[in-house]
Amino acid sequence: MNVLDAIGTALDALRANPLRTSLTMLGIVIGVAAVIAMVAVGSGARNQVLQQIASLGTNLLLVGQGSVARGGVRLGAGTAASLTEDDAVAIIAEIPEAEIAAPYVRWGLQVVAGNQNWNTTLFGVTPDYLDARTWTVAAGRSISEQDVAQNNKVILLGHTVVEKLFGGGDPVGQTVRLLSTPVTVIGVLAAKGQNSSGQDMDDVVFVPLSTAKRNIPGMAKANPRFIHAMAVKVREGFDVPEAQRQIKDLLRQRHRLTDGQDDDFWMRDLSEVAATRDASSRALSFLLAAVAAVSLLVGGIGIMNIMLVSVTERTREIGLRLAVGAKRRDILMQFLIESTTLSVIGAGVGVLLGAGVAMVVARAAGWPVLISLDAVILSVSVSGVVGVFFGLYPARRASQLNPIEALRHE
Amino acid sequence: MGPHRVPALVDVNVAVERGSFVAVMGPSGSGKSTFMNVLGCLDRPDAGRYWLDGEEVSGLDPDALAEVRNRKIGFVFQSFNLMSRATAQANVELPMVYAGLDRAARAARATEALAAVGLAERAHHRPTQLSGGQQQRVAIARALVNRPALLLADEPTGALDTRTTREIMALFQQLNRSGITIVLVTHEPDVARYAGRVLSFLDGKVVEDRVQAAQESVP
């Protein structure tokens, strides 16, 4: 008996009792639908998180100045003006893992355009900073090395600032004032939306680092090389914690801190926050996978149950098949193929149902629909294995029947 | 096997010639069923030997016996044993499925076999749409389709009325005349009369082995 004939026979047998067949499949259908839907929903959620990580900049460390404890009193961050542009240069020179070390200064101030004004956060940056934090320009041009070298009075506006000051009109080429200093708008930043803690990332303006330090009143400090912080991008494929350790050692050495002294700088791994969320969405996926596995197990037991009933009901047919020349192997194959067909068709229906659920959820949550081919292949093949495994015992029972007794069975 | 082994057959020495038509008679418990099961390669004798079509088959394992049944034996049962959801043609094709024939060859030979039993028109009917006599003809077509050396019929007319019994027995005679060897179990003397030889069993022994002039069937 060849496989095609066996599949035909199995389909005939399953068609003979459509209600029973569909009820038996239900366990597998639900299990597979759960897998497909949860993987789709889970990867939609993860995708969201990964986008957030990407919007922060990947493999990114922020190193800021401050926090010195004296006599048990911890002073506020930023009180010790210790971090300098030279630290950034040294990090690039001495730590191979560091791809970019982009120094910046930042503070809050008012931006005025015509009769509109808006309080926002100003960043004095170099082009490297924009790269590291994956900022792109939606209109106009970005800040260039030349702007930094010549301390040009130019500014990039965040999406929210443009909305507030220009009501969505084109600001490129216009002049705005930072306190008393007029600067020319050279570009508008592409919108990033909210970060993982709900802050508006588009409520910012960028000027060249040199311009910020020299031309904006209130920024002049004793050390002209001072910076508030820097963004360090770790090379792709390198370990962020290891880079973090090396930067810490280097900075402690440069700042001449003895073993007993606290750091006079802070460091933050930006991907950590997002990674925590990623981990929790993974945990959810595992939980749902466990539910799916239990459902497939229950579905498999349902298949075994119905196959045992089917073998008993069809004892005479089995006897006849044995009498006309079926070998034990043929009978075994016939019932195995029947149980596997049950589970695989159930899996097919489950895939469609799960995809439907995933689409509804994705639409409601505003995610892209991500139905993973891996999940489809995995759940269909696991169902196939479930069919074989739970079909094996009933099929063995059928194949071990004595033809004489089977033919006499009432 | 209980503690008391009761032999079902004792000293049975029977040769069935190629092309003969033998009726096996006897009350229940006489051993005729065991005899038929051995003849049909459904059961293996614990002792003794059995040659079928020039080949000793008494020592074969279950799978080898299945192959012998498939190639050399056709079964006809009292209760027809047709698959109720399959058409007449699909029922007739069943032994060829296990012989490994392809679809086209199976269809051709099933059509031929159904024509030989006079049911060419009913190939696509299901058993429930056929009369008892027609169902038994389908079963006979199924038994013949692998061109067996031996046709075994176990009370083939037990579920049929007198008129249909006559028709079926006429069919057996016609098949026998075309060269097919038939062994038929019955407890009705009327049915045994169509055979050329009658074996009577009692208590596991052959008590009578009689050659007779077969009754002419009136179609």
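Student: Where does Val185(A) lie?

Tutor: Val185(A) is found in strand S9 of chain A, where strands (E, at least two residues) and helices (H or I, at least four) are DSSP runs numbered from the N terminus. This is a predicted model, in which local features need pLDDT of at least 70 and side-chain atom pairs count only at pLDDT 80 or more, while totals for chains, interfaces and linings use all residues. Residues are numbered from 1 along each chain as its sequence is written, and chains are lettered from A and ligands numbered from 1 in the order in which they are written.

Student: Buried or exposed, that Val185(A)?

Tutor: Val185(A) is buried, because 24 other C-beta atoms lie within 10 Å; the cut-offs are 20 or more other C-beta atoms within 10 Å for buried, 12 or fewer for exposed, and partly exposed in between, with C-beta atoms placed from the backbone.

Student: And which residues is Val185(A) in contact with, leaving aside its neighbours within four places in sequence?

Tutor: With those neighbours left out, the contacts of Val185(A) are Ile155(A), Leu157(A), Pro171(A), Val172(A), Gly173(A), Gln174(A) and Val176(A), a contact being two residues whose C-beta atoms, placed from the backbone, lie within 7 Å.

Student: How many residues does the largest nonpolar core have?

Tutor: The largest nonpolar core has 115 residues, and those with the most contacts inside it are Ile36(A), Val24(B), Ala141(B), Leu152(B), Ile182(B) and Leu184(B); such a core is a set of buried Ala, Val, Leu, Ile, Met, Phe, Trp, Tyr and Cys residues joined through C-beta atoms within 7 Å. Helix H2 (residues 18-56) of chain A gives the most to this core, with 16 residues. A second, separate core has 54 residues, including Tyr129(A), Ile143(A), Val161(A) and Leu270(A).

Student: How many residues of chain A are in contact with chain B?

Tutor: There are 18 residues of chain A in contact with 18 residues of chain B. On the side of chain A that touches chain B, two or more residues come from each of helix H1 (3-15), helix H10 (315-323), helix H11 (328-365) and helix H13 (403-408) of chain A, and H10(A) gives the most, with five residues.

Student: How do the residues on that side of chain A divide?

Tutor: They divide into ten nonpolar, one polar and seven charged, where Ala, Val, Leu, Ile, Met, Phe, Trp, Tyr, Cys and Pro count as nonpolar, Asp, Glu, Lys and Arg as charged, and the others, Gly among them, as polar.

Student: Switching to packing, at what angle do H1(A) and H11(A) pack?

Tutor: H1(A) and H11(A) pack at an angle of about 60°, with their axes 9 Å apart, where axes are lines fitted to C-alpha atoms, for helices over the stretch in contact, and angles run from 0 to 180 degrees between N-to-C directions. That makes H1(A) oblique to H11(A), since angles under 35 degrees count as roughly parallel, over 145 as roughly antiparallel, 65 to 115 as roughly perpendicular and the rest as oblique.

Student: And in chain B, at what angle do the axes of H5 and H6 cross?

Tutor: The axes of helix H5 (residues 132-144) and helix H6 (residues 162-177) of chain B cross at roughly 20° and come within 10 Å, so H5(B) and H6(B) are roughly parallel to each other. The contact is made by Gly132(B), Gly133(B), Gln136(B), Arg137(B) and Ile140(B) of H5(B) with Thr164(B), Glu167(B), Ile168(B) and Leu171(B) of H6(B), and these residues divide into three nonpolar, four polar and two charged.
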